[in-house]
Amino acid sequence: MRHFLILLLFTGFVYSSFGQKIADSTSKKTKDKKIELRVMPYLSYNRNLDFMFGAIPMMMYRVNEADTISPKSLSGMSAIYTTNKSYALALFNKWYLNEDKWRLKFFFFTGNQNSQFYVDDIDQPDFYDYGTKTTVLGIGGQRKIVGKFYGGLSYTYAHYNTIYEDDISPSSISHSNALVFNLLYDTRDAVYYPTIGYKIRLDWSTYPKFLDNQLASNRISFQANKYFQNREAKDVIAVRFYGKFGLGNVAFEQQSTIGGTDIRGYSDGKYRGSGLMDIQGEYRYNFAKKMGLVGFFGIATIYGSDTPSFDWKMYPGGGVGYRYNPFKKSKFNVGLDGAVGKGDWGIYFRIGEAF
C-alpha cells in the first residue's frame with residue numbers, strides 16, 4: 001500500500017458547474033443569495049485507502065452584510081469513507097469580522113486512518129501498516145495589530161489511538177494539548193486567490209507539561225509566500241518557502257511528512273522526521289473565466305528521521321493540475337493535481353490553492 005495517493009473523479013466539478021448554470025439563469029429574477037452553497041460529491045481511488053467516497057458541502061457568506069471590506073467567510077464539512085475501512089468527518093470554518101480586524105477559525109476532525117510507515121532498523125526493512133483513530137479540535141483567532149500585521153492565539157486538542165502491524169512498535173494511546181502563538185504579515189489582495197502581495201507567517205506551537213502532555217515539546221513553523229501577476233494580470237506566479245522545526249520529544253503522530261502541500265509527488269509516507277524544509281514555485285494559467293491550469297516544482301529535505309540515511313537529502317517533486325471555480329461571486333478554486341517525486345507519485349484533490 002501507499003500513503004494518501006488520491007485519485008478523484010470530476011463528479012464534483014460537473015455538479016458544481018451544473019449548479020452554477022442554474023444560479024446564473026435565475027439571478028435575473030431574484031436578488032443575489034446571501035449564502036453561496038456548493039456540494040461536491042467525492043469519489044476516488046487510493047492505493048493505500050482503496051476506494052473513497054463521500055461529500056464536501058461548502059458555503060461562502062458575509063457575517064455582516066454591511067461589511068464589504070472583510071473577505072467572505074467560509075464554512076464546510078467533509079464526510080469520507082473508504083473500502084479499507086478508514087473514515088473521516090471534518091468540519092471547518094473561517095470567519096472574517098469587523099472590516100478584517102478579526103480572523104477566527106474552528107476545526108473539528110474525527111476519523112480512523114489505516115496507513116503505513118517505513119522501518120529500516122530491523123531484519124526486513126519495509127513498509128508496515130498502522131491504524132490511528134484520531135480526534136482533533138482546534139479553535140483560534142487573530143487580531144490586526146497595525147497595518148498589515150496580525151497576531152493570534154489558537155488551541156488544539158488531539159487524541160490518538162495507534163496500533164502497528166506485527167507489533168513492530170508498541171500500541172499507544174496518547175493525547176496532546178497545544179497552544180499556538182502566531183504572527184502574520186499579509187499584503188495579499190485576496191485570501192482565497194491572491195494575485196499580488198506577501199503572506200509571511202511564524203507559528204510557535206508548544207506542548208507544555210502543565211497542559212497534561214505526556215511528551216513536552218515545541219514546534220516552530222515559518223512560511224513565506226509571494227505572488228506576482230503575469231500575462232497582463234491574467235495569470236499568477238506563486239513562490240513559497242516553508243519550514244517546520246520540531247524541538248524536544250516529537251511524537252510519531254506529530255512528525256512532519258513530505259507530501260501534500262510540502263511537497264506534492266510523495267504519497268507513500270516514507271520520508272518523515274522531526275523537521276522539514278522546502279521551497280517551491282507554481283504558475284497559475286487561467287485560460288477561461290472559470291477554469292485554469294497550474295504547473296509546479298519544488299525541493300524538500302527533512303531531519304530527525306527514524307531512518308538516518310533520509311536526513312538532509314534532496315527530495316524534488318513537480319507536476320501539473322486543473323482548476324475550476326464553482327462559486328459565482330468569489331474566486332475560490334477546487335482542482336486536481338498530478339505530481340511525481342523521488343521514486344513516488346501522487347494525485348491530489350484540492351480545495352483552494354496549494355498555498
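Is Tyr185 buried, partly exposed or exposed, and what is its relative accessible area? Tyr185 is partly exposed, with a relative accessible area of 27%, where buried means under 20% relative accessible area, exposed over 50% and partly exposed in between (1.4 Å probe, protein chains only).

The model is a predicted one, in which local features need pLDDT of at least 70 and side-chain atom pairs count only at pLDDT 80 or more, while totals for chains, interfaces and linings use all residues. Residues are numbered from 1 along each chain as its sequence is written, and side-chain values use heavy atoms, with hydrogens and water left out.

**Aromatic pairs**

A search of the whole structure finds 13 aromatic pairs, a pair being rings of Phe, Tyr and Trp (its six-membered ring) whose centres lie within 6.5 Å, with planes under 30 degrees apart counted as stacked, over 60 as edge-to-face and the rest as tilted. Two of these pairs are set out below.

| Pair | Centre to centre | Angle between planes | Class |
|---|---|---|---|
| Phe149 and Tyr185 | 4.8 Å | 40° | tilted |
| Tyr271 and Phe310 | 4.9 Å | 70° | edge-to-face |

Phe149 belongs to strand E8 (residues 149–164) and Tyr185 to strand E9 (residues 172–186), so their pair ties together parts that are 36 residues apart in sequence; strands (E, at least two residues) are DSSP runs, numbered from the N terminus. Phe149 is partly exposed, at a relative accessible area of 44%. Tyr271 and Phe310, by contrast, are both buried, and each lies in a loop, the former between strands E13 (256–257) and E14 (272–273), the latter between strands E16 (291–303) and E17 (315–324), so that this pair joins parts 39 residues apart in sequence. One aromatic cluster is formed by Tyr96, Tyr192, Phe327 and Phe332.

**Lys72 and strand E4**

Lys72 is placed in the loop between strand E3 (50–61) and strand E4 (73–82), and is buried, with a relative accessible area of 18%.

In strand E4, seven of the 10 residues are buried. E4 pairs with E3 in the antiparallel sense over eight bridges, pairing requiring that DSSP finds at least two bridges between two strands, and Phe53 stands opposite Tyr81 in E4. Eight bridges also join E4 to strand E5 (residues 87–97), again antiparallel, with Leu74 opposite Lys94 in E5.

Note on methods:
Helices (H or I, at least four residues) and strands (E, at least two) are DSSP runs, numbered from the N terminus.
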